[in-house]
Amino acid sequence: MRRLVRDREKLAALSVGGSEDRPIHVTSAAVVEVRVRHLSCPQCDGEYKVKEHRSPASGIRSVDVTCQICGVSRTLWFRIVSADAH
């Protein structure tokens with residue numbers, strides 16, 4: 001089971017939103033928390049609760065979340081891009 005947990009955490013870090021290098025693209029900071037509500041925990045498929053929403057750099061948002069079922073905490077990353085970029 002421990003190996004499975006480690007593997008899921010590695011996969012989550014490599015997936016979109018799992019690091020600052022692979023942010024989820026959004027068109028506005030206003031939709032970041034809406035997007036978080038549609039994501040699920042890679043460990044148990046539970047819903048996230050937003051703990052803190054920060055802007056460490058221009059156009060970047062980091063959102064600290066905790067799973068409401070298993071309690072795992074993580075940081076999700078977002079980049080604000082113009083709608084024209086899509």
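The model is a predicted one, so to speak of local features takes a pLDDT of at least 70 and side-chain atom pairs count only at pLDDT 80 or more, while totals for chains, interfaces and linings use all residues. Numbering starts from 1 along each chain as its sequence is written, and side-chain values rest on heavy atoms, with hydrogens and water left out.

Starting with the overall layout, the chain has two helices and four strands, where helices (H or I, at least four residues) and strands (E, at least two) are DSSP runs numbered from the N terminus. Read from the N terminus, the order is α-β-α-β-β-β. The radius of gyration comes out at 13 Å, close to the 12 Å that the globule rule gives for 86 residues, so the chain is as compact as a globular protein of that length. That radius is taken over C-alpha atoms, and the globule rule is 2.2 Å times the number of residues to the power 0.38. Along its principal axes, the C-alpha trace spans about 45 × 20 × 20 Å.

As for contacts (heavy atoms within 4.5 Å), 40% of those with a separation of 6 or more join residues 24 or more positions apart. Of the 86 residues, 29% count as buried; here buried means under 20% relative accessible area, exposed over 50%, and partly exposed in between, with a 1.4 Å probe and protein chains only. The chain exposes about 5700 Å², and carbon and sulfur atoms supply 50% of that area. Accessible areas come from the Shrake-Rupley method with a 1.4 Å probe, and for residues only the protein chains shown count as cover. On the charge side, the mean positions of the 14 positive and 10 negative charges lie 6 Å apart. Lys and Arg count as positive and Asp and Glu as negative, with His and the chain ends not counted; each charge is placed at NZ of Lys, CZ of Arg, CG of Asp or CD of Glu.

Next comes the inside. In soluble globular proteins, nonpolar side chains tend to be buried together. A nonpolar core is a set of buried Ala, Val, Leu, Ile, Met, Phe, Trp, Tyr and Cys residues joined through side-chain atoms within 4.5 Å. The largest one here has 11 residues: Ile24, Val26, Val32, Val36, Cys41, Tyr48, Val63, Val65, Cys67, Leu76 and Phe78. At least two of its residues come from each of strand 1 (24-26), helix 2 (32-37), strand 3 (60-67) and strand 4 (73-80). Strand 3 gives the most, with three residues. Tyr48, a member of this core, touches Val36, Leu39, Ser40, Cys41, Pro42, Val65, Thr66, Cys67, Gln68, Arg74 and Leu76, leaving aside residues up to four places away in sequence.

Turning to strand 2, Lys49 sits in this strand and is partly exposed, at 47% relative accessible area. Beyond residues up to four places away in sequence, Lys49 touches Asp64, Val65, Thr66 and Gln68. In the loop between helix 2 and strand 2 (48-57) lies Asp45, which is exposed at 57% relative accessibility. The phi of Asp45 is near 70°, a positive value in a residue other than glycine.

Helix 1 (residues 2-14) holds Val5, which is partly exposed at 41% relative accessibility. Val5 and Gln43 are 38 residues apart in sequence, yet their C-alpha atoms are 6.8 Å apart. By contrast, Lys49 and Val5, 44 residues apart in sequence, have 20 Å between their C-alpha atoms. Arg8 also belongs to helix 1 and is partly exposed, with a relative accessible area of 32%. Not counting residues up to four places away in sequence, Arg8 touches Pro42 and Gln43. From Arg8 to Ser58, 50 residues apart in sequence, the C-alpha distance is 30 Å.
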